[in-house]
Amino acid sequence: MILKNILLLVFTFILLGCGDAHNITVVKEQKDNFFKGRTFGDVLSNWHLCKSKKWELLTDDVVKFTCVNKGLENYKEKIQGDYESGFKEKERRDLSGKERDRMNKLLGLNKIQEVIYFKVKNDMALPYKSGVEYFWSDGSNGYDDIYTITMFSNVVANIDDFYNMQFSTYKGEQYIPLRYSFIVNLFGRIKNNS
């Protein structure tokens with residue numbers, strides 16, 4: 001009798017686990033016209049920006065895809081250069097010690113990742129939210145919404161550099177003040193709201 005109950009319990013856990021995997025499979029195998037008939041799983045698993053990728057079931061009907069960015073140190077170096085140059089151009093002086101500490105605090109990132117949320121209903125998957133999650137070495141974190149169509153455009157283009165993805169339309173020296181303002185506003189807003 002005890003063995004029978006144990007087997008029944010194990011079988012129940014196996015079935016529950018299959019349910020979790022089922023909705024993730026539904027999302028991965030869903031074809032999308034935006035990707036010219038390719039599946040979400042194929043396109044997202046081949047995104048070169050990702051150092052690692054993870055699929056997880058958040059609720060019965062919500063699946064989250066996470067892409068942890070590679071090249072974080074390179075990104076931080078470029079952002080620091082834009083921050084320092086933009087500050088100097090705007091303020092007509094170098095950063096003070098206090099201002100440099102603020103910059104270092106904003107740029108003390110230890111991870112950045114893209115996330116895409118899918119809703120699953122009747123074995124159909126629909127992306128409904130996407131964004132970027134930032135994690136700082138002091139334990140704080142922040143989130144910035146990105147239009148899903150913008151995120152998918154970056155995936156289709158297979159952009160493999162987060163800095164270029166973030167500033168693709170603002171390349172060049174003439175855009176340093178704009179990039180500086182973006183960095184201060186974005187990081188200040190999401191870090192202070194964590």
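Predicted model: local features only at pLDDT ≥ 70, side-chain atom pairs only at ≥ 80, totals over all residues.
Local features require pLDDT of at least 70 and side-chain atom pairs pLDDT 80 or more, whereas totals for chains, interfaces and linings use all residues. Residues are numbered from 1 along each chain as its sequence is written, and side-chain values use heavy atoms, with hydrogens and water left out.

S130 is found in strand β4 (residues 124-136); strands are DSSP runs of E of at least two residues, and helices runs of H or I of at least four, numbered from the N terminus. The relative accessible area of S130 is 1%, so S130 is buried (buried, under 20%; exposed, over 50%; partly exposed, in between; 1.4 Å probe, protein chains only). Beyond its neighbours within four places in sequence, residues in contact with S130 (heavy atoms within 4.5 Å) include V115, Y143, T148 and M151.

The structure holds 19 aromatic pairs, defined by ring centres of Phe, Tyr or Trp (its six-membered ring) within 6.5 Å, with planes under 30 degrees apart stacked, over 60 edge-to-face and the rest tilted. Y75 and F162 form a tilted pair, at 5.0 Å centre to centre and 55° between the planes. This pair connects helix α3 (residues 72-91), which holds Y75, with helix α6 (residues 162-166), which holds F162, the two residues being 87 residues apart. Both Y75 and F162 are buried. Y170 and Y175 pair edge-to-face, at 5.5 Å centre to centre and 75° between the planes. Y170 is partly exposed at 35% relative accessibility, as is Y175 at 29%. A cluster linked by ring pairs comprises F34, F35, F40, W55, F65, F118 and F152.
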